[in-house]
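Trainee: Could we go through this model together? I would like to begin with the strands and then turn to the ligand.

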Amino acid sequence: MAQQFHLNTPLLESVNMSKRAGTTVYLKMESSQPSGSFKIRGIGHLCQQLARHSKGVVCSSGGNAGMAAAYAARKLGVPATIVVPASTPQLVVQRLKDEGATVRIAGKVWDDANAEALRLAETEGLTVIPPFDHPLLWEGHASMIAEIAASLGPGVKPGAVLLSVGGGGLFCGVVQGLRDAGWKDVPIIAMETVGADCFNAAIRAGKLVTLDDITSEAKCLGAKTACKQAFDYSQCGELTIISEVVTDQQALQAVINFLDEERVLVEMACGAALAAVYGGLIGRLQTEGRLPAPLGPLVVIVCGGSGVNTEQLTALKQKHYFFKVTHTHVLAICVHSRWLYGWNLAFCSTHIKIKYTLLCQKPFWNLV
Ligand code: PLV
């Protein structure tokens, strides 16, 4: 049998997240995979089938598919070229090089890098490793559901599966895995961030949609168009798919909460899924009747990601103004403006608004 590149990852119960979600939360710890994310499941499987005797592989990536391709190629003794967009953090570029890959930077977003990878494959005779759109990838990703079934034990079925969507490869693999396990009635909660929400846009439009740009910080969710199979699943009617979008700030806050509570650092791409628990989405979906109440165990795919370290996290926090404005701050501004302008209410209110905007680095009307 061909060597398997991925690991069987733990399924951990989270007491903190269970409290927040109102049901038992199990974390499928794909962040512990070699290469740092679930991607090695599908890409490892695909490389076993297609890359063993290749002259070299080329993979366009937001980072993590590239990490998996570079890892698998190194294990197979095949050269790897990884094409990433300019938005890819330097730390990922370095990690790819440390894996022994040749790194090329092309364009602004993943779609640009993909065009370059396809061109290279053509001119240099390299085997293309797609990051999310290939049946072998989905087959590889599906293995995580078989593992979840084995970990949960006989007779235990998830109440829902929570995951992030970029191009939709993980989603397709999970659908396939749920079908194989006889669990196709288990709802899937598919999370994206605003500005990297091609799957949600497609569902709303009733057809595949190409976003104009990727404006989210969660670059690893940044495909402009979801893969057709993911869209077809969303339309097939036999599955329950709940597509939701969170802001970058919510995804980042989820990354911070997860680090504090579970002691694991993941990318914002993964934070998008975690935000559904930390931001109270599960309860809201139950109130809206879109998820059953009570809900069976919630399985969260902790997809991971290598594009983050403490320095990167600090930079993201600064960018997303995580300054906590307390009542004392607001009171101090009011007292100061009263002292400056007395009872001139027009001046006072303008002063308060300006101070508040400067303090929070966001307009005062975004107070909540
Ligand atoms: N990232 C891809 C696509 O980027 C990549 O090249 O790395 N969580 C993490 C940590 C990811 O890296 C990705 C995909 C996803 C979730 C979403 O997976 P997908 O693309 O299969 O839906 C543009």
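**Strands, helices and ligand**

Mentor: Val58 stands opposite Val128 in E6. Please keep in mind that this is a predicted model.

Trainee: In what sense do strand E3 and E6 pair, and over how many bridges?

Mentor: E3, residues 57-60, pairs with E6 in the parallel sense, over two bridges.

Trainee: What is the strand order in the open sheet?

Mentor: The open sheet has four strands in the order E5-E4-E3-E6, and the pairing is parallel.

Trainee: Why is one side of strand E5 and of strand E6 left without a neighbour in the sheet?

Mentor: Strand E5 (102-105) and strand E6 (127-128) stand at the edges and each has a single partner strand, so one side of each lacks a neighbour in the sheet.

Trainee: Which strands does helix H3 touch?

Mentor: Helix H3, residues 64-76, packs on the sheet and touches E3 and strand E4 (80-84). The direction of H3 makes about 175° with that of E4.

Trainee: And where does helix H4 lie?

Mentor: Helix H4, residues 90-98, lies across E4 and E5 and runs at about 150° to E5.

Trainee: Now the ligand. How many residues surround it, and which are the closest?

Mentor: The ligand is surrounded by 22 residues, and the closest are Ser61, Gly62, Asn64, Gly166 and Gly168.

Trainee: How far is a backbone N or O atom of Gly166 from an oxygen atom of the ligand?

Mentor: That distance is 2.7 Å for Gly166. For a backbone N or O atom of Ala65, the distance to a ligand oxygen atom is 2.8 Å. A polar backbone atom of Gly169 lies 2.9 Å from an oxygen atom of the ligand.

Trainee: How much of the ligand's accessible area does the protein cover?

Mentor: The protein covers 100% of the 510 Å² of accessible area that the ligand has on its own.

Note on methods. Residues numbered from 1 in each chain as written. Predicted model: local features only at pLDDT ≥ 70, side-chain atom pairs only at ≥ 80, totals over all residues. Heavy atoms only, no water. Pairing = 2+ DSSP bridges. Contact = heavy atoms within 4.5 Å. Axes fitted to C-alpha atoms, helices over the stretch in contact; angles between N-to-C directions. Near = heavy atom within 4 Å. Polar contact = N/O pair within 3.5 Å; in protein donor to acceptor, adjacent residues only side chain to side chain. Areas by Shrake-Rupley, 256 points an atom, 1.4 Å probe, with all protein chains shown as cover.
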